Amino acid sequence: MDRSLRALWALRRAWESGFGRHARCRGLDRGMTTSEYAVGTIAACAFAAVLYKVVTSGAVMSALQSLIKDALDAKF
């Protein structure tokens, strides 16, 4: 196993044996707050905008059209 991977697993075990277990028991991990929802929503919208721009670009549109045309013209 890679040395850095072993270090990550050791860190995870230390977290779960220490604070992580106690935080779950005390109910500190109850979900996202309003600000986290806002940041997540903004990030999702930004990702959707970038994805829309990529999919509607000329190169991707022509590739998709070519793919569909080749699929429809396939001989069985």
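Biologist: Is Asp73 buried, partly exposed or exposed?

Modeller: This is a predicted model, where local features need pLDDT of at least 70, side-chain atom pairs count only at pLDDT 80 or more, and totals for chains, interfaces and linings use all residues. Residues are numbered from 1 along each chain as its sequence is written, and side-chain values use heavy atoms, with hydrogens and water left out. Buried means under 20% relative accessible area, exposed over 50%, and partly exposed in between, with a 1.4 Å probe and protein chains only. Asp73 has 47% relative accessibility, so the class for Asp73 is partly exposed.

Biologist: Which residue forms a salt bridge with Asp73?

Modeller: Side chains of opposite charge can pair when their charged atoms come close. A salt bridge here is a side-chain nitrogen of Lys or Arg within 4 Å of a carboxyl oxygen of Asp or Glu. The structure holds one salt bridge. Its closest N and O atoms are 3.4 Å apart, and the partner of Asp73 is Lys69.

Biologist: Which helix gives the most to the nonpolar patch?

Modeller: Helices (H or I, at least four residues) and strands (E, at least two) are DSSP runs, numbered from the N terminus. Helix H3 (34-55) and helix H4 (58-72) each supply at least two residues of this patch. With five residues, the top contributor is H3.

Biologist: Which element has the lowest mean pLDDT?

Modeller: pLDDT is the predictor's confidence in each residue, from 0 to 100. The protein averages 81, and 79% of the residues score at least 70. Where pLDDT is low, the predicted coordinates should not be read in detail. H3 has the highest mean, 92, while the lowest, 58, belongs to helix H2 (residues 19-26).
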